[in-house]
Amino acid sequence: MNMKMKNILIALLTASVAASASAVADNQKALQAKADSANAKRGVEIGGSIRAVAQRSSFSTDQDVHSVNKMPNVEHNEYVSADLSFGFRPYENVRANVIMRLGGGMQEYFAAAAKTLEAKWLNVEGNIGKNFYWTVGDFRSAISPLSIYNPGIDILYEPTIFARKRHMAQKEQLLEGNKRNLQGINLQFRQEIDPMIGELRAEAFLARVNRVSVLDFTGAEGNILPGDEIAGTSLASATDKWLVGGNIELLPVQKNVYVGVTPMLIFDNENSKSYTYRHPNRDPQGFVPGDAENAYERQEINPYEYGPQNTFVLSARAGADVGGLVKQKGLSADVVAEYAMSVNKVKTAAYVNDLGLPVPETEESINGSALLATVNAGYEIENSWSAGLSLDVVMNDEKWFNNLAQSPSFFAQRVLNSDKDGNTVKYGVNSPLYSTFDALYNYSPKFTPVARTLGTDDNAFMDGQSKSYNIAPYNKNSWGSNVYSAAQLALINQMIDPAIQATLPNGLATANRKGFRVSLKGDWQNKIEAQALVNIFNQVTPESEAIDNVSYKEFGGGAKFDVAKMAGFSKALEFSGSFKRSENTVTPKVGTEAKVTSNFLNVGASFQFLPRLGITGGFQMIETDYGNSSLINPNVGLDVPFMTSNQTQWMVGFDYVVADNAWLAINFGMINVKNDYNTTVVGEEARNLPDYYSATDGAFGTYEHKFSQAIFEASINVEF
C-alpha cells in the first residue's frame, strides 16, 4: 500500500469515527437504557477505553555539523490500546472483573508476528449483606497522604491540549488520581450505628507489592539505571514483598467528625529468598563462552539492595467538617490532622573485615515520624462568586520512611527520539536530549529501538546494543504505580526534575521536610477563576554537616476565563494562564550559598466554533538557572554541571469532542531546548553532553547546546 493510499484511508477512518461518535452521542440516553436493561438480565457489564495515537517526531540541531550522530532523526509511533472491561455477575452478591488490553502498533509489524493481548486487571468482588464488602485480586487504595498514597504532579492551569496528552499517558498505566494499584485481598465493613455515634468503617488488606523476580540488569524493563552497578539500580527482588494492615475509621456527630487509625507492616518474606547463577563477568565485550575462569557462580538476585525490608507504619488521624457542624449556608470548612510513625528495621549482613575477622549480622531500628495538618475553607454565594483557601502544614523528620506513600507516580524518562541519545536515555533528566515536556506528555507502549550499528556478524550484534537498554521492545512512559525500596527511592530522588519536583518529590510524605503550602482560589459565576499559591519548606536536618540550611520556595498564580460566557455566546472561548517560580537554596556554614531557580509559564486557549468541533492551543516555558553550582553526580550521569536551561513547547490543533473523556484531536507542535554547561568542571566522562560535543566547543568554559523536536500527532481517546 503506497503512502498516498494510506493517508486517504486514515482520513476516511477519521471522518467515519467522527460521524459515528456524533450519532452515538445523540442517542446516548436511549442506548444506555437498553444496555442497562440487557446488563440487568444477563449479569454482564461492558465498558473500557480506547486510545489511539499516530505520532511523528522530528529531531533537529545545527550543532552536529560533522554528522557524528548517525541515528535516525525521525521517530514514528503508531499504536492503539483498547482496554475492554468486563464485569460478570453470576450471582447477585458476587462479581468478577477483568480488563483485557488489546494493543497494536506499526512498529510491531517489524518486531513481532502478533499483537499484544494481556489481562491488565483481574479481581473477584462481592458483598455479604449491606455491611461487608470484599475483593480478591487487583484493587486500588488511597487512605491518606501519610499511609497509602500515590503522589503525582500538579500543574497550575495546564493547557487543555497538554492535559489531554498527560491523561492518556496516565491511563495507559491504569492510574486513577492518587490511588495506588495493589494486588491481594481487601475486606471492608461499614455499619451505621446512630446519628451521634455515627458510622464505623473497618478495613483489612493483604497485598503483594513485589515478587521474587530475576531480571536482566541491562534491560530497559525492570531497571532504573540498566547496566550500572550502584545501590537501587535494579527492580529485581530476591524475596516476595508484602503489605499487611488495616484501617479503622469512626464518623460520629452525623458524620461531621472523623477519627481514624491505620497500622501497616511492609516486609520482605525472607522464607521466600532465592538466588540465581551468573557469570562474574557480565560485560558482553569481554564475555567468552566456555571460559573456565568466568564460570557460573551463585549470586544474590539483586546485589544492589540495602537488605530485606521490615517497616511498621502507624497513622492516626482526626478531623471535623466545621461547615457541617455550623450549618451556615454557603460556608464550607474542614480540618484534618494526621500523625504517623515508622519503625524501619535495617539489617547489615555478616561480612569479613579488613583484618580477616568475621563480623556477625546486625539489626538496627530506625524510628521516624511525620505530621500533616490540613485546613480547607471556602464561602460561596449561589450564582455569584466563591472563594476558597487550602493550607497544608508539614513536619516530617529525616528518618521517616513509608514507601507506600513516598513512591512517586512520575519518574522522568526520555521518550521521543530516544534513539538519538540511546546510550544515555537511562539517566532521564541528565540525558543530553531531555526535556520536561517530553517526559510529562509523551509515551509509547511498545517501542522497538534501532541497533547502534547495522552489521550482521557477532561483533556487530554486541556493538549494536545500547548502554541504556537491550535492542528489544520496551514501554516508554514516565508514569507508574511502582512501590520502590529505600535504595531505589534514594536513587530516583537524585534524578528529580527541578522544575516540577524539587519541593516535595515524594508528595506530602517526603522525608526531611518542614513548612507549609497554601493556595487561594476564587471564582465568579463560573466565568472567571483565579488561583494563587505559596509553598515554603526547609529540610529538618541538612544531609551534610557542612550545610547550615536547605530551603525550598514556590510562588505562583494563574487564571482562566471564558470570553464566550461573559459575552453571552453559546460556544466556548476559554483562555488560561499561570506562572510559578521555584527556588532551592543551599546555605553552607562557610562559603557562598548555592541557589537553583526555575520559572514555569503556561498559556492555553480553546475555541469551539461548531457544536463539537474546535481549536485548542497551548504554550509552555521553563527557565532554570543553576547559579554558580559546580555540582556533578557521576552516579546518575551528571558529569558536567548545568548553568542555565530554557525549554519551550507550543502546540495547536483541531479537536472533535464528544464528551469530557472522548475526543479526536489532530495537533502540531514544537519543543525547543537550550542548555548551557559549565565545562570548567568535567567528570571522568561527559555523559550529559551530546555525542557530537568536542573539547573545542567548551574551550572557553561554557558550552551551549540547542535542539528541537517537531511533533505531528493524531489521537483518539474514548472512555465508555
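Predicted model: local features only at pLDDT ≥ 70, side-chain atom pairs only at ≥ 80, totals over all residues.
User: How many Å apart in space are T702 and T510, C-alpha to C-alpha?

Analyst: Along the sequence, T702 and T510 are 192 residues apart. In space, taken from C-alpha to C-alpha, the separation of T702 and T510 is 35 Å.

User: Is Y157 buried or exposed?

Analyst: Y157 is found in the loop between β5 (132–141) and α4 (160–172), and its phi is positive, at about 50°, although Y157 is not a glycine. The relative accessible area of Y157 is 10%. Because buried means under 20% relative accessible area, Y157 counts as buried.

User: What is the phi of S67, a residue other than glycine?

Analyst: S67 lies in the loop between β1 (44–60) and β2 (74–91), where S67 is partly exposed, with a relative accessible area of 42%. Most residues other than glycine have a negative phi. S67, by contrast, has a positive phi, with a value near 50°.

User: What is the relative accessible area of T702?

Analyst: Partly exposed describes residues between the buried limit of under 20% and the exposed limit of over 50%. T702 is partly exposed because its relative accessible area lies between those limits, at 40%.

Methods. Residues numbered from 1 in each chain as written. Heavy atoms only, no water. Buried < 20%, exposed > 50% of the residue type's maximum accessible area, 1.4 Å probe, protein only. Helix = DSSP H or I, 4+ residues; strand = E, 2+ residues; numbered from the N terminus.
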